[in-house]
Amino acid sequence: MAAYVNDEDRVNFDLTVPLSRVVTQPSVTEMAYLTAYAAQIGQVKLLYPQTMRYMDGI
């Protein structure tokens with residue numbers, strides 16, 4: 001079981017950004033196009049340690 005406080009002052013989550021193509025450049029030595037991709041994946045941030053509680057064996 002996981003219990004948490006649903007309060008904006010205590011729990012925070014970054015907005016995700018979809019995968020996008022940032023830079024594409026040709027490579028003559030490899031005869032290919034090299035492409036870099038960037039994205040942002042968020043996770044839950046607990047601003048105080050007392051915000052969430054995990055319990056096992058229920």
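These are my notebook entries on a predicted model of one chain.

**Ground rules.** I number residues from 1 along the chain as its sequence is written. Because the model is predicted, I take local features only at pLDDT of at least 70 and side-chain atom pairs only at pLDDT 80 or more, while totals for chains, interfaces and linings use all residues, and side-chain values use heavy atoms, without hydrogens and water.

**Overall form.** I looked up the secondary structure first. I found zero helices and six strands (DSSP runs numbered from the N terminus: H or I of at least four residues for helices, E of at least two for strands). Next I checked the dimensions: the C-alpha trace spans about 60 × 30 × 15 Å along its principal axes.

**Burial.** I then asked how much is hidden: 5% of the 58 residues count as buried (under 20% relative accessible area, with exposed over 50% and partly exposed in between, using a 1.4 Å probe and protein chains only).

**Ser27.** I find Ser27 in strand 3, residues 17-27. Ser27 counts as buried because its relative accessibility is 12%. Beyond its neighbours within four places in sequence, Ser27 is in contact with Ala32 and Leu34 (heavy atoms within 4.5 Å).

**Val44.** My next stop was strand 5, residues 44-46, where Val44 lies. Val44 counts as partly exposed because its relative accessibility is 49%.

**Contacts along the chain.** Lastly, I looked at contacts between residues at least 6 apart in sequence: 56% of them join residues at least 24 apart.
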